[in-house]
Each structure stands twice: as structure tokens, then as C-alpha cells.
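Colleague: Hi, could you walk me through this one? I'm new to reading structures.
Modeller: Happy to, let's have it on the screen.

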Amino acid sequence: MSALLEVDGLTKRFGGVVAVDRCSFAVIEGTITALVGPNGSGKTTVFNLVTGYSVADSGVVCLAGSRLRRPNPVQLARRGLARTFQQARVFPQLTLVENLVASLQQPWYAIARRAVSRSDRARALDLLEEFGLVQLADDRASDLSYGQKKLLEFATVLMGDPRLVLLDEPTAGVNPLLVETIEQRIRGLRARGLTFVLVEHNLNLVMRLCDPVIVLDHGTKLAEGPPADVQTDSRVLDAYLGA
Amino acid sequence: MRRLNAVGAARGAAFVSALAAFPFVVHAAWIVNIGVITLMYAGLATAWNLFSGYSGYISLGQAAFFGLGAYSLGILFQHMSAGTGYRPFEVLPLIGLGVALVSLPVAWIALRTRAMTFAIVTLTLLFIVQQLAFNLHGITHGSTGLELPTPRFSVANYDRPFYLAMLAVVTLALLLCWHVRGSKLGLMLFAIREDEDKARGVGVRVTGAKLVAWALSVGLTAMIGGVWAYYLTFIYPESSVDPLVMIGAILMTFLGGKGTLWGPVVGAFVLVPAQQYLLTRFGANQFYLIAYAAVFMVVLLMLPRGIIPSLRDVSQRMGGHGRPRHDVAVEAGPGAPA
């Protein structure tokens with residue numbers, strides 16, 4: 001088992017605040033790794049640094065063994081690293097099918113081709129079927145509930161056939177029924193060989209789903225291990241309860 | 001992003017044929033002249049919409065490329081004979097292509113900014129090109145202006161070739177827009193307009209898509225500038241790089257419906273004749289500008305999203321056709337946040 005994503009000594013300052021402080025961890029291929037920690041511990045910033053949405057002050061990020069010198073979201077997505085956002089982000093004025101097809105990675109010469117070809121549409125409908133959204137396929141994404149938008153966002157990142165998916169709070173603000181759908185989807189996709197990193201506040205879900213669990217506090221890794229071990233780690237309890 | 005349907009194609013063909021027939025039916029030069037100006041703005045607005053309307057990047061600098069097109073044609077025919085008078089029309093595609101290529105490196109830099117910053121950066125382009133036109137005396141003759149060859153078209157129908165040339169560029173612009181809207185490029189642009197960061201995250205090549213749309217828009221704008229310069233046969237920096245021309249085209253796009261196919265054309269066909277009418281009605285005093293602004297404000301207050309989207313809403317409400325709407329709240333199940 002090799003590390004698909006390696007982060008070494010990652011640091012990011014916002015003015016005087018060190019949001020991520022020499023953070024190092026590795027994500028082993030085929031795992032569902034959780035990134036947890038109290039609010040403000042730097043989880044989303046780590047995501048942003050890894051995916052190139054913000055630039056690290058120092059540190060190294062390696063994807064599948066090769067170092068990313070200047071992480072760029074477009075290139076990373078095309079190399080198989082996809083992410084979702086904390087607030088569900090979709091293209092509101094596009095239909096669900098268009099949302100998915102827009103996320104299909106196209107070669108350059110395809111830009112003049114028809115926006116949604118028959119095979120694109122078939123592929124999008126398959127995915128919508130898996131996520132239980134197929135009956136809304138031709139509605140605009142703005143018509144969806146928040147939870148459905150989360151599902152749609154999850155589905156869009158899968159259109160690009162990623163190897164590694166970073167999910168930023170996939171179940172925040174989602175009703176329990178949809179949480180179950182999301183959990184099943186993650187398990188199913190992992191069985192097909194995908195690797196996941198989750199930032200998640202729903203610790204019940206984390207304990208059920210993830211292994212290993214990485215705990216961040218003040219931008220640095222506090223603990224790492226199987227969920228049961230992390231749960232009883234006194235440093236983790238201190239960080240969460242502020243004792 | 002609709003595919004070509006028979007009704008849409010017939011509507012487009014009928015519209016273009018009616019416009020093409022117009023100068024053969026109406027011979028009054030002043031009316032054909034209004035037609036030329038209307039088509040010019042329809043073309044500029046459609047070209048502006050192709051980039052700014054579809055990608056959401058508001059460019060205030062397209063007048064720079066209108067001016068570059070005008071000056072390119074003007075300078076070219078300082079050294080070339082216009083032949084029977086049609087040669088300047090024949091070189092228009094080359095002018096469009098040339099100006100589009102020259103604009104790409106500039107766009108590549110400008111497109112590193114977004115939203116208001118992008119609007120301001122593009123606005124400066126306009127003043128840079130105007131300053132160049134003033135100061136590159138050797139080729140532009142500075143503020144003295146540049147004279148183009150006067151074609152030997154028949155006096156009775158002098159405006160007609162210009163009218164048809166403008167119509168050809170407008171038709172090209174509409175065909176390009178129609179194609180872009182239904183293609184992967186259109187989907188990429190709409191994704192950028194909706195949420196560019198999300199688009200990057202799913203691997204949409206945002207910079208490339210913006211540059212292609214920019215080049216198409218700039219090329220069309222330059223071609224229109226070329227026809228305009230030849231029509232006037234005399235250009236100088238203030239008139240050929242005129243912010244008011246650009247603002248006019250942008251207002252028409254907003255009026256007709258930004259991001260739609262026909263909106264910019266509809267906007268131009270409403271506003272330009274209205275403007276020309278008010279100009280003749282109220283004459284040389286500047287009152288016509290106030291009346292023009294009033295017309296614009298009334299329409300924006302009543303149809304804030306533009307004419308085409310508002311009409312579409314009305315027809316959907318009346319006819320009940322359009323997208324089927326599901327009751328999302330029910331399907332989301334209990335407990336889902338709104």
C-alpha cells in the first residue's frame with residue numbers, strides 16, 4: 001500500500017495567524033481518511049493548499065509520488081484529484097445533466113462539439129440514478145434542496161473519474177436520509193478503488209466510516225490512527241474539550 | 001443550450017432574409033443609414049455578449065478593438081488601392097483574425113483578474129489604444145485623423161454595400177453565438193459564469209475557454225470597426241475609440257437580455273432607432289440624451305433581466321410550458337434545510 005497523497009511540513013500564515021503549521025500526513029491508497037479537529041484547526045485550509053486554491057508559504061505536497069510544485073486546481077482535477085466545498089457548490093442555472101457534463105474532462109479539440117452528446121447524457125443519467133436524482137435530471141440545479149445540492153456536487157466530482165476525492169464536510173446540513181445515501185456512495189466507490197479524504201464534524205459518521213483518522217489542532221497534526229484509538233487519545237480529548 | 005430546432009432555424013433565416021431585403025425595398029438613404037448604425041450596434045452587442053454575457057466577465061474595453069479594427073483597415077488602405085470598392089470588405093476576416101491574435105496576450109494578462117478589477121483593467125485598454133492612436137503619428141496621423149479611400153458606389157444606393165457588410169458580420173456573430181451556446185465551449189463558459197472556482201475544481205480549462213471566447217468576440221468587434229471606418233471614410237482617435245459606443249452596445253445587451261442569443265440584437269433594434277428618432281425630434285440640444293436615458297430606465301425598471309428573459313417568463317406563466325418543476329421540498333424529505 002503506497003501513499004497516494006503526501007503532505008510534508010505544510011505551512012500557511014494569514015497575517016499573524018498560522019492557520020497551518022508544519023503539517024505532515026500521508027493518505028494511503030484505498031483508504032477513507034478523516035481529517036478532524038476543532039473549528040479553526042486548519043482542515044479546510046489544508047484542503048485549499050493541497051488543491052491549489054491557496055498557495056502554501058512552505059511545505060511539500062506529493063500526489064502519487066510526484067511533487068506538485070505549484071498546485072493548480074484544473075491540472076489536479078485532470079490528474080485525478082477532485083474536491084468538494086464546504087458550502088455545496090453547483091452551477092445553479094444549469095440543469096443537473098449539464099452540471100455533470102460540464103465536469104467531464106474534455107480534450108482541447110472537443111470544445112466545438114455538442115455540449116451534451118448522447119453518450120455524455122447517458123453517463124450523467126447513470127450517475128444521477130446512483131444518487132437518486134435522476135427524476136430531476138433536466139431541472140435547474142437552483143431548484144434543488146441544500147442536501148440535494150451536496151449530492152449533486154459529489155456526483156459532479158465523480159464525472160472526471162478521480163483517484164482521490166477530498167470531501168469538505170459532505171454531510172453538514174444534510175438530513176439523515178441523505179447522510180445515509182452519501183455514506184453508502186462513499187463505501188461503494190471505495191470498494192471500486194477510490195481513495196477519500198473527509199473533513200467531517202459528524203464524528204459518529206467518522207467513527208463508522210473512516211480509517212485512519214487524523215486529528216488536527218492549531219494547524220498541526222495532533223494524532224493519527226484507527227478511530228477507536230484516536231477517540232481515547234487524551235491529547236485529542238483535551239483539544240476538543242479545551243481541558 | 002438548445003439544439004437547433006426547425007422553428008429557431010426558420011426564425012433566424014427569416015430575420016436575416018428580411019434584413020437583407022430591406023435596403024432593396026427602402027431606398028431613402030437616411031433610413032438605410034439608420035439601418036447601418038442599428039446593425040453595427042447589433043453586431044457589437046452580440047460580440048460583447050459572446051464573451052461577457054456568456055462568461056460573466058464584464059469587459060469595458062471592447063471599444064479598443066473596434067478602434068484597432070478601424071485603424072487596421074484605414075492604415076492598410078493607405079498603402080493599397082480599394083479596387084472597385086469591395087476590397088476592404090474582402091480583407092475584413094483577416095482584420096478580425098489579426099486583431100484577435102494581437103489581443104490574446106493582453107487578454108491572458110487581463111484575465112488573471114476578475115469581476116470589477118477585470119472591468120477596470122479592460123477599461124484602461126481603451127485609453128491605451130486611444131493614446132496610441134493620438135501618438136503614433138507616423139501611421140495614424142494622430143489627431144489629424146486618417147482618410148480612407150472613398151468607394152465609387154452608385155450615389156443612389158451608396159449605403160447599401162455597407163449595410164450588407166454589417167449584416168454579414170452580424171449574421172456571422174449570431175451563428176458563432178448559436179454554435180458556442182450549444183457546444184462544450186458554451187457549457188464551459190456558463191460554468192465559469194456560474195462559479196469559476198467550482199469549475200476549476202472539476203477540471204474545466206477556464207483560462208483557455210475564456211481566451212477562445214475573447215478572441216471570437218474581439219475578432220467580430222474589429223471587423224465591425226473596419227466596416228464602420230470604411231463607411232465614414234475618415235477616422236480619428238476620439239471617434240474610433242469611443243467609450244460611448246461600447247457603453248451603448250453594453251446597454252443594449254442588458255436591455256435585450258444578457259447571455260441570451262437574440263437579446264443583444266433585440267436591444268439594438270429597440271434602442272438605436274429610438275435614439276435616432278429622439279435625436280431628430282429634439283435636434284441638436286442635448287435633451288435627446290436625457291430622453292434616451294429615461295427610455296432606458298423605464299425598460300430596466302419594468303424588465304430588469306432584459307426583454308428576452310422577461311418575455312420568456314411571461315410566456316411560460318401563460319402557456320405553462322417550459323421546464324417541468326418538481327416539488328423539491330417534498331422530495332428532499334423532512335428535516336432538509338431550505
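This is a predicted model: local features need pLDDT of at least 70, side-chain atom pairs count only at pLDDT 80 or more; totals for chains, interfaces and linings use all residues.

Colleague: How do β4 and β5 of chain A pair, and over how many bridges?
Modeller: Strand β4(A), residues 58-63, pairs with β5(A) in the antiparallel sense over two bridges. Strands here are DSSP runs of E with at least two residues, helices are runs of H or I with at least four, and both are numbered from the N terminus. Two strands count as paired if DSSP finds at least two bridges between them.

Colleague: Thanks! Which sheet do β4(A) and β5(A) sit in?
Modeller: An open sheet of four strands, in the order β2-β1-β4-β5 of chain A, with antiparallel pairing. β2 (17-28) and β5 (66-67) of chain A are at the edges with a single partner strand each, so one side of each has no neighbour in the sheet.

Colleague: And which helix packs on that sheet?
Modeller: Helix α1(A), residues 43-51, touches β1 (3-14), β2 and β4 of chain A, and its direction makes about 115 degrees with that of β1(A). Touching means contact: C-beta atoms, placed from the backbone, within 7 Å. For the angles, axes are lines fitted to C-alpha atoms, for helices over the stretch in contact, and the values run from 0 to 180 degrees between N-to-C directions.

Colleague: What about the six-strand sheet, what's its order?
Modeller: The order is β6-β7-β8-β3-β9-β10 in chain A, open and with mixed pairing. Its edge strands are β6 and β10 (220-225) of chain A, each pairing on one side only. As for parallel pairs, β3(A), residues 32-36, is joined by four bridges to β8(A), residues 195-199, and β3(A) also pairs with β9(A) in the parallel sense over three bridges.

Colleague: Is β9(A) mostly covered or mostly open?
Modeller: Mostly covered, as five of its five residues are buried. Buried means 20 or more other C-beta atoms, placed from the backbone, within 10 Å of the residue's own; 12 or fewer is exposed, and in between is partly exposed. Val213(A), Val215(A) and Asp217(A) point one way from β9(A), while Ile214(A) and Leu216(A) point the other way.

Colleague: Switching topic: how many residues does each chain bring to the contact between A and B?
Modeller: Chain A gives 43 residues and chain B gives 33. On the chain A side, the largest share, five residues, comes from α5(A).

Colleague: Last one: how many residues of α3(B) are buried?
Modeller: 13 of its 15 residues are buried.

Key. Residues are numbered from 1 along each chain as its sequence is written. Chains are lettered from A and ligands numbered from 1 in the order in which they are written. Two residues are in contact if their C-beta atoms, placed from the backbone, lie within 7 Å.
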